[in-house]
Amino acid sequence: MLILGLLLVGAVGAFTGLVIAGNLSGGPQYTVSVLGQDIATMNTLAVFCAGLTLGLLFCLGLAAVASSVVRRRHGRPRTYPAHSRRPPE
């Protein structure tokens, strides 16, 4: 789960960075291109919804990483020294 979460966070971050770097010019219609390939032509509402989706995917990846780290940390039982049941002298 840790690797899957890190992969999701990295992929969303890289895709978002490439889209922003390749589409700095704007207008009423945005032609989204990644690595020189046109993907879609979107209006402002579609760009906003795509940003929300990418943000939610990023948070899903962070949640997967966090749950994996917590599960890994709490997965090992603690060992305590044995106590003797003698009354104090």
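Predicted model: local features only at pLDDT ≥ 70, side-chain atom pairs only at ≥ 80, totals over all residues.

Me: What makes residues 30-34 and residues 37-42 a strand pair?

Reply: Pairing takes at least two bridges between the strands. Strand β1 (residues 30-34) and strand β2 (residues 37-42) have five bridges, in the antiparallel sense, so they count as paired. Thr-31, for instance, stands opposite Thr-41 in β2.

Me: And what goes on in the hairpin of β1 and β2?

Reply: There are two residues between the strands, and Leu-35 takes a positive phi near 55°.

Me: How many helices and strands are there, and in which pattern?

Reply: The protein has two helices and two strands, and along the sequence they read α-β-β-α.

Me: Which residues does the "transmembrane region" annotation cover, and where does it come from?

Reply: It's from an unreviewed UniProt entry and covers residues 45-70. Such annotations may be inferred rather than shown by experiment. In the model, residues 45-70 are 100% helix and 0% strand, with the end C-alpha atoms 37 Å apart.

Me: What share of the protein is called buried?

Reply: Buried means under 20% relative accessible area, and 12% of the 89 residues are buried. The accessible surface comes to about 7,500 Å², with 67% of that belonging to carbon and sulfur atoms.

Me: What share of the contacts with a separation of 6 or more comes from residues 24 or more positions apart?

Reply: That's 42%, where a contact means heavy atoms within 4.5 Å.

How values were computed: Residues numbered from 1 in each chain as written. Heavy atoms only, no water. Helix = DSSP H or I, 4+ residues; strand = E, 2+ residues; numbered from the N terminus. Buried < 20%, exposed > 50% of the residue type's maximum accessible area, 1.4 Å probe, protein only. Areas by Shrake-Rupley, 256 points an atom, 1.4 Å probe, with all protein chains shown as cover.
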